[in-house]
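User: Could you take me through some of the elements of this protein, one question at a time?

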Amino acid sequence: FPQEVEKPLNIVMLVPLNELPGRAPDGSFEQLDEEWPLESATQESGWLRGMVTALAQVTAPPPPRENARPNRRSRRERIRRRRAPLKPARPTLKLALAPVPRLVEELADMADGFRRADAGDQVTVEASAPGALAAAQTLADLRTLVNRDGIQPILVPYAFPDLPALTLEEVAAQLDAAETTLSRLLGQASDLSRTWLFPPAGRIDASALADLRSLQAAEHTFSSEAAFASDVAVAPGCPEPFASFTCPVSMEAGDDTSRGFVSDSKLQDLLGDLARSETPSTVAMQRFWADTVQVWAELPGTSNRVLYFALPTTWHPSPADAKRFFTSLKRAPWLRTLTPEEALARGEPQPRPMVDFETGPTAEPQLDPTLAEAAERIASLEALIPTTNRSSVQRQMLQRLNTNLLVARSRVWLDEELVDRGLSYASGTVEETDRHFQAVQIGGAEEIALTSQRAPIQLLLLNQNAHPVAVRVYLESEGLELQQDVLDEIVPAERTRQIQIDAETRASGIFPLRVSVRTADGFEIARTSIRIRSTEFNDVALGLTIGALMFLIAFYVFRTTRRRSAAAAGTDAA
């Protein structure tokens with residue numbers, strides 16, 4: 001192709017940006033395969049820095065072109081250059097950019113300074129350190145990209161999960177976290193909305209689409225061929241049956257529909273070679289270009305065809321390879337890049353009925369029960385920490401714990417070597433929340449003696465957390481009458497609070513007092529039992545005692561009187 005073609009093939013390229021989560025469940029950044037993935041990716045030689053830099057170069061608006069200054073020594077040359085028309089500049093590359101929100105959030109965390117887990121020790125990396133500065137620069141470049149004309153930002157669920165494997169509640173949590181994160185860190189709340197959605201790996205079926213549409217999401221989306229019914233009579237090609245399918249689609253799932261694009265399976269397989277180490281990058285690129293030429297040559301005189309493809313999220317090229325790929329794509333004379341919105345406006349979407357996947361990727365079987373347990377623990381921890389005057393540190397902690405559950409659902413853990421790491425985001429959350437609960441204890445004497453009918457009982461609530469706690473104390477005893485059996489208490493951070501309970505007993509004996517400390521949602525934190533020994537007589541015993549005493553007094557008075565009377569009578573007789 002030595003020159004421009006009259007009617008190039010329109011293409012929509014989606015570029016997802018993702019990396020293995022580097023922030024561990026406890027908030028520190030951990031090593032993976034003896035390196036810190038995100039720190040390496042943001043260095044000058046890193047894949048993420050190289051990708052963002054290459055995209056910035058090929059999407060930059062062309063500078064205004066002017067004729068070069070004529071050669072003063074040649075009047076003929078001066079006239080020729082003055083009359084020569086300006087050569088039009090190649091249009092800038094247009095594309096869809098889908099940064100994974102978790103990746104963006106970790107970049108922001110690193111830019112502010114972060115904690116690194118190094119050989120079991122926690123090392124603080126200041127914001128002025130090279131690793132933090134590299135993350136800050138990458139984030140700034142990414143903000144520039146999503147604001148650039150010709151780049152359409154696309155929303156991705158927060159942690160890159162497999163949507164068909166999620167419940168409706170889990171899908172809603174992923175979308176909410178994605179919108180909140182990107183609008184806060186990239187400042188694109190209006191563009192990065194859920195109207196345009198990229199399902200991770202293009203995996204979306206009828207049920208997943210129905211869930212998304214019920215959440216007012218995925219009005220426009222992207223899919224793979226696997227989502228559509230193979231037994232329905234649908235033209236194999238579009239706009240002509242013999243050609244590749246190069247039309248927008250209307251994805252139908254019952255009463256729910258979504259307009260968008262479906263990827264070409266052969267082209268996606270060729271792109272997958274870019275991420276496979278056994279295939280040289282130059283060979284994979286040449287095969288990709290050759291296939292796009294073949295698609296163009298099917299209908300070279302048609303101008304409204306649209307070919308969609310998404311780069312593999314596992315493709316982490318060198319900066320040189322990233323520049324080579326995007327520059328070549330921009331220069332290819334048989335291709336014209338469009339944003340998804342531009343491409344969708346060029347043709348009427350073709351209806352395609354969707355199916356449900358029989359089985360989806362499943363992670364470790366232990367994940368679901370562990371996730372459920374972790375979700376319950378987080379809810380109880382939120383009930384433990386008072387909402388009034390909750391500090392930013394506490395809010396950030398609760399947010400991190402909630403996002404741990406979203407990260408546990410990421411598709412990146414489907415690799416057998418990474419399953420345990422994915423599970424750790426759920427199990428680690430359970431362990432961390434339990435430490436907060438274990439720092440709350442109930443104390444008091446093991447046995448208390450009541451020497452009167454009514455007396456106070458003293459208990460101690462100990463809070464070793466660095467934050468205040470709100471607890472509910474439940475009291476229960478069969479032999480005591482308690483003035484209150486439920487107490488709501490707030491214990492300051494790292495303090496002890498004394499509780500006084502008024503108790504009444506009407507009988508002597510030993511009565512157990514069972515004390516349970518729980519959160520407002522009923523999760524039990526601590527339990528103890530105190531023996532209450534009552535030495536107070538009841539009314540019957542008191543009456544019998546007094547009666548017996550009166551009898552004894554009367555008996556001894558009567559006997560003493562008789563003896564004195566007998567002695568006086570004997571004296572008189574003598």
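Predicted model: local features only at pLDDT ≥ 70, side-chain atom pairs only at ≥ 80, totals over all residues.

User: How far does helix α6 reach from its first C-alpha to its last?
Analyst: Helix α6 covers residues 168-185, which makes 18 residues. At 1.5 Å a residue a span of 26 Å is expected, and the helix comes close to that value. From first C-alpha to last, α6 reaches 26 Å.

User: Which residue with a positive phi follows α6?
Analyst: The helix itself runs over residues 168-185. The residue in question comes after the helix and has a phi near 70 degrees; it is Gly-187.

User: Which strands stand at the edges of the open sheet of 4 strands?
Analyst: This sheet has antiparallel pairing and the order β13-β15-β19-β17. Within it, β15 (residues 454-463) and β19 (residues 495-504) pair over 10 bridges in the antiparallel sense, and Arg-454 stands opposite Glu-504 in β19. The strands that pair on one side only are β13 (440-443) and β17 (481-482).

User: Why is one side of β14 and of β18 left without a neighbour in the sheet?
Analyst: Both strands belong to an open sheet of 5 strands with mixed pairing, in the order β14-β21-β20-β16-β18. β14 (447-450) and β18 (486-491) stand at its edges, so one side of each has no neighbour in the sheet, because each has a single partner strand.

User: Which residue in β20 is the bridge partner of Val-473?
Analyst: Strand β16 (residues 469-476) pairs with strand β20 (residues 509-518) in the antiparallel sense, over 5 bridges. In β20, the partner of Val-473 is Val-517.

User: What is the angle about the S-S bond in the link of Cys-238 and Cys-247?
Analyst: The structure holds 1 disulfide, and Cys-238 and Cys-247 form it with sulfur atoms 2.0 Å apart. The link is left-handed, with an angle about the S-S bond of -90 degrees.

User: Is Cys-247 buried or exposed?
Analyst: A residue counts as buried under 20% relative accessible area. Cys-247 has 11% relative accessibility, so Cys-247 is buried.

How values were computed
Residues numbered from 1 in each chain as written. Heavy atoms only, no water. Helix = DSSP H or I, 4+ residues; strand = E, 2+ residues; numbered from the N terminus. Expected span 1.5 Å × (residues − 1). Pairing = 2+ DSSP bridges. Disulfide = S-S within 2.5 Å. Buried < 20%, exposed > 50% of the residue type's maximum accessible area, 1.4 Å probe, protein only.
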